[in-house]
2 protein chains.
Amino acid sequence: MNKKDIKISEVKNKYKYKGGRLLTSSIINDEVPATCEPLKEKNKLIIAPGLLGGTSASSSGRLSIGAKSPLTNGIKESNSGGTFAKKLASLGYKAVIVEEQNKDDDWYILKITDSEMEVIKYNNIIGMDNYEACKHLRKDFGENIGIIIIGEAGEREYPIATCAITDREGSPARQAARGGLGAVMGSKGLKAIVVDDENAAGIKYNDKDKFRATVNEWSKELIEGKEALTKFGTAVLVNPMNEIGCMVTEKSKQGSFEGKENISGEKLAELQEERDGQPSHACMPGCVIRCSNVYNDSEGNHLTSSLEFETIVLNGSNLGIDNLDVIAKIDRFCDGFGLDTMDLGNAIAMAMETGYLSYGDSDAVLELLEKIKEDSLLGRIIAQGVAIAGKVLGADRIPEVKGQGISAYDPRALKGTGVTYATSPMGADHTAGNCLPGREGFTKAGKANLDPHDNKGKIDLSKEMQIMSAMCDALGLCIFVGTNENTAEKSASLLTALYENDFEVKDIYDLGRETIKAELEFNKKAGISNIKNKHNEFYSNEELPPKNLKWDVDENALRNIFDSLN
Amino acid sequence: MNKKDIKISEVKNKYKYKGGRLLTSSIINDEVPATCEPLKEKNKLIIAPGLLGGTSASSSGRLSIGAKSPLTNGIKESNSGGTFAKKLASLGYKAVIVEEQNKDDDWYILKITDSEMEVIKYNNIIGMDNYEACKHLRKDFGENIGIIIIGEAGEREYPIATCAITDREGSPARQAARGGLGAVMGSKGLKAIVVDDENAAGIKYNDKDKFRATVNEWSKELIEGKEALTKFGTAVLVNPMNEIGCMVTEKSKQGSFEGKENISGEKLAELQEERDGQPSHACMPGCVIRCSNVYNDSEGNHLTSSLEFETIVLNGSNLGIDNLDVIAKIDRFCDGFGLDTMDLGNAIAMAMETGYLSYGDSDAVLELLEKIKEDSLLGRIIAQGVAIAGKVLGADRIPEVKGQGISAYDPRALKGTGVTYATSPMGADHTAGNCLPGREGFTKAGKANLDPHDNKGKIDLSKEMQIMSAMCDALGLCIFVGTNENTAEKSASLLTALYENDFEVKDIYDLGRETIKAELEFNKKAGISNIKNKHNEFYSNEELPPKNLKWDVDENALRNIFDSLN
């Protein structure tokens, strides 16, 4: 980005069978000086489809974006659906690596087609809402392009800024949300990347028939097995998480929410059926699960695309807001402005905790969004994320690990996910290994230890889920295909059919193990000690109603969770 | 503090010959869980005179205050002059340990006399300026008391809040300023500690004549050797530091200041002679160096007590203010409100760097102090110290190490002190081992390597100075007696005369070594890796005029500086 140079290189041998998060984390570990400042020139932004990216496998279109995070100061990967990964993979690119920094006052975009790759000066969308900006880009570069774009949050280098990725409708509705990767992109002077795969050569399969056969078999299983997700989206979790008592409510003072029925997946589906929205929608081409949604307002006009469980909880029950339309407005703001809804909701809770806003005051929250846009001081504080916002505003109950806010699940009542928050190389991030109940333990954890309230077996469970989640992230698969043995088996079959190479189930698990290994190596070099594998004290001191649970997982076990990665 | 209990214990054998910083750091390392949250109940606040505290040795009245720091999240000791240490030592107390937290809504003080120790509910000085509050305390507990007090900054638990210590006039003018120890005291619900030594038994000397003989000899040397300090105070450094080009100026963009003559020690002395102030003043009883001052305004009224070099630079040349009266007002505000002038000046520079204030605008700075008092958002941001203020305001040139702002010396042009900033267990803190030129290298560094601009020999020099400074801090000696072999020799003689024990020079050095060892141990347990022993990138990327120097000390050497402590 300093010289606006482009260099297209052959894939190094060691990266040949690496993709997605495994590839972004490996390149970061290999090439980024671990002690560098995340928003300075030595950091790199890496963008990579998974090993199955661009293929016809269902749910294989996740795009991994990685860098050293300005939020955690450690390694970060954040992945998302949308169309970009498929298009980039179809063009035969395994990764885009953005290096150094633009030093002039202009903003740039990167354009990728089958025949060219170009850095173009492009200032006319600066300060614009992402939805509007994407219209400009589509007008200039074709309706069919895939886009990664940062909003104003990324331009301003807020450490919870996202990289937005356009969906099949061209809306910047999918977010590589966590860890402030949008700020890293902003620090490079890169406003957007557009990819046009119109003349793409497409994916070359080693054994197309075998690949297709496995895809068909697996898709059938997914259609049958994921009915609830398809029907109600991720918000289907509202009721069961309430039941368990782990749904973050009232600034982490409750685990269940009185207004739960108004923010449930069932309610969302009902509203959107009435309003001609889409309660079920595929965020990426060819996904048979279709857990996304298109959310219309009460007039039937598009309000936002895909309202997810974590956004609903952290900006709903967490803030005392039991109105999906208000939460949808918050979500739409974040998509347009480029902010992580999770760290935002957590940070707003800190403003409520310290009296800057009233708990449950929707209007005040919507006004606060304007203050963020205006770059007011309160806006800037909130846009630092919950860890710093909590400190500056004077809160002493801050739900974060390694600088990143927790997700929608309170660790006291969903202990496996609590372990993941505490131990993931990425800070508190449920996607790194969410331990929802009902899952069958497949190795050490065992069925007996899957009671979400019980601390027993949760180290093993979280470790397994972290490895399996990283495995999906390396493959470019959505974790909703299942972080389990079946996914490993199917993926071994698919990769064998795709590449001129034999893959065993063990090789697939190893993708996850190698990912975490690279990330731990980087963090160690960055000075992030495993002593930071812990939750803040209020979780151990305050009981969480209604189940009255405390955080009680042994700190030494948290530190040592990755002593071995088997 | 939870039960307002007091327990008076015999000194443990292992602490018998520990004092000052060695004692506070040892107790913290032994008793405070290293991963605890600094402002929660598991942290402890330790207050200790040095091993020579209470004696007639010149400059031996430093009071060490220690805790886990809310600013650096590592161990911190901050020491100061004033009368408290002498009084506490005269009563025979080796340390005060404040544990747990007050849980009710009241504020408390601790009263210590020869016959009693009592926790007293005392709400009437809350929110009051420290000067005013100390008048109340003297009225209630006697004009002769020594006081440790936190200001509003400490009540609000700002992470750069100080513990103020009263001087011989009863003014809260001496500050244990760095690392936010005032916030720790505030988090305990403890507003002040008053000590009355009226009926103190006094110090029992093993060989009083020998002690007196050494004191007399040493005092004579000090009176002769420290003439410039006595005459002009620490501000005597303005001219030579300008000459070297290491005086922090214009938000770390310059190393010399055009307006230097207006803020020099010579100017200060001239002004105070005219105004009937005191250009020379002893901050603690019996100090023959008397580098402190009493600063009167242009009407001849008391404005502040002791304007020091670091306050002058970081709030003067750093902010483009060449007016000592303005700087004295800032200092007086900080003494009254209980804020570290160093992290404050650095943080204000960040507000100037990002356009919230104009460089050189004295009025805006004085208004900002009001905003801090009012608990406005900008005030809260600034009162977090430079590391967080810089982040929130969007600065990308932040002069801090491990969360604490640097002092008045730019590391690029005073490389030894730069090494100390980078490597001290306490974050950027010049008192941990200031490497001013002209000092004779006494072991490895050697005279040839003492050019402050040259990176050669600076690891050894800083290490030596850190050990010698810690040695002084353990003894309760002001570092101005000299961080050198003579101090070790004189101290060995004094301690042998004082205690029923023989001390060799090596034993005295070991006080310093053991101090740093305990601190490194604690930080390791707290997860603060030696990988954090580094400066921010702008020091390596930007040349510092007028000498055009960059930071160029090898990062590995910084990490490994304390591999051995010999």
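By what turn, and with what shift along the axis, can chain B be laid on chain A?

**Figure 1. Chain B laid on chain A in the predicted model.** A turn of 180° with a shift of 0.0 Å along the axis places chain B on chain A, and the RMSD is 0.0 Å. This is the relation of a two-fold axis. Both copies use the same surface, since 100% of the contact residues of chain B recur in chain A. In general terms, two copies of a chain are related by a rotation about an axis together with a shift along it.

**Figure 2. The aromatic pair of A:Tyr17 and A:Tyr499.** Over all chains, the structure holds 17 aromatic pairs. In the pair shown here, A:Tyr17 and A:Tyr499 are arranged edge-to-face, with 5.4 Å from centre to centre and 80° between the planes. The pair links distant parts of the chain, as the two residues are 482 residues apart. A:Tyr17 belongs to the segment before helix 1 (20–31) of chain A, whereas A:Tyr499 belongs to the loop between helix 18 (485–498) and helix 19 (505–525) of chain A. A:Tyr17 has a relative accessible area of 24%, so this residue is partly exposed. Ring pairs also bring in A:Phe503, which forms a cluster with A:Tyr17 and A:Tyr499.

**Figure 3. The tilted pair of B:Phe309 and B:Tyr409.** The ring centres of B:Phe309 and B:Tyr409 lie 5.4 Å apart. Because their planes stand at 45°, the pair is tilted. B:Phe309 is found in helix 10 (residues 309–315) of chain B, and B:Tyr409 is found in the loop between strand 15 (404–405) and helix 16 (415–423) of chain B. The pair therefore ties together parts that are 100 residues apart in sequence. Are these two residues, B:Phe309 and B:Tyr409, buried or exposed? Both B:Phe309 and B:Tyr409 are buried.

**Figure 4. The charged end of B:Lys4 over the ring of B:Tyr108.** In chain B, the charged end of B:Lys4 sits over the ring of B:Tyr108. The distance from this charged end to the centre of the ring is 4.8 Å.

Notes: Residues are numbered from 1 along each chain as its sequence is written. Chains are lettered from A and ligands numbered from 1 in the order in which they are written. This is a predicted model: local features need pLDDT of at least 70, side-chain atom pairs count only at pLDDT 80 or more; totals for chains, interfaces and linings use all residues. Side-chain values use heavy atoms; hydrogens and water are left out. Copies are superposed by least squares on the C-alpha atoms of residues with pLDDT of at least 70 in both. Contact means heavy atoms within 4.5 Å. Rings of Phe, Tyr and Trp (its six-membered ring) pair if their centres lie within 6.5 Å; planes under 30 degrees apart count as stacked, over 60 as edge-to-face and the rest as tilted. Helices (H or I, at least four residues) and strands (E, at least two) are DSSP runs, numbered from the N terminus. Buried means under 20% relative accessible area, exposed over 50%, partly exposed in between (1.4 Å probe, protein chains only). A charge sits over a ring if NZ of Lys or CZ of Arg is within 6 Å of the ring centre and within 35 degrees of the ring normal.
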